[in-house]
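The paragraphs below lead through one protein model, element by element. Please keep the sequence and the 3D view open while reading.

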Amino acid sequence: DLDVAPLGVYGRLFRVVQLSDDELAKGLAQYGLQQGWFDLLAALRRAGAPYALNPTSLMRATLLSSSGMTKRLDRMVEAGLIERRPDPNDRRGTLVRLTGRGKNVIDRAVETHVGNEERLLGVLTAAERRTLDRVLKSLLIELERAERRS
């Protein structure tokens, strides 16, 4: 007598996320970007010149923990995509900044990424996309409210 319909909805939602992540990662791999690097580079690019943010702002933008952020930043420094610099407004602080190479990579990768997202959503009509977007926004708003209450 148990209605198991929610299992199907969440199962499909999780599978769509998994398959989409895998497909989008293939497009970013051609730029040498590992999973999660795109979001960090995009956050820095959106910040505008000089394309720098402190690690706390990056953690908020990418939903990473402090230790996860440190590991990711270390790898991206090694790859030459970002650099750490002292924050001129905070003697104890650090800024993470795009290198010239990092800016070049994100500028090219974002075009590929958006094109791949468009391709993946291409099976939906414009009306279906708007409906999906509205439904997901409603669900997300309620889930985030519940998270804040707990």
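In helix α4, the residues M69, R72, L73 and M76 are buried (buried means under 20% relative accessible area, exposed over 50%, partly exposed in between, with a 1.4 Å probe and protein chains only). These buried residues fall within an arc of 100° when α4 is viewed down its axis, so they line one face of the helix; the arc is that of the directions from the helix axis to the C-beta atoms. K71 and E78, on the other side of α4, are exposed. The helix covers residues 66–78, and its 13 residues reach 19 Å from the first C-alpha to the last, close to the 18 Å expected at 1.5 Å a residue (the expected span is 1.5 Å times one less than the number of residues). Helices (H or I, at least four residues) and strands (E, at least two) are DSSP runs, numbered from the N terminus.

This is a predicted model, in which local features need pLDDT of at least 70 and side-chain atom pairs count only at pLDDT 80 or more, while totals for chains, interfaces and linings use all residues. Residues are numbered from 1 along each chain as its sequence is written, and side-chain values use heavy atoms, with hydrogens and water left out.

Helix α2 is largely enclosed by the rest of the structure, because seven of its ten residues are buried. They are W37, F38, L40, L41, A42, A43 and L44. After α2 comes G48, with a positive phi near 80°.

The strands form an open sheet of three, in the order β1-β3-β2, with antiparallel pairing; two strands pair if DSSP finds at least two bridges between them. β1 (52–53) and β2 stand at the edges with a single partner strand each, so one side of each has no neighbour in the sheet. Six bridges join β2 (residues 82–87) to β3 (residues 90–98), with I82 opposite L98, and a hairpin connects β2 to β3 through two residues. Between β1 and β3 there are two bridges; A52 has R97 as its bridge partner in β3.

The lining of the largest pocket draws at least two residues from each of α1 (5–29), α2 (37–46), α5 (100–121) and α6 (126–149). α1 gives the most, with twelve residues.
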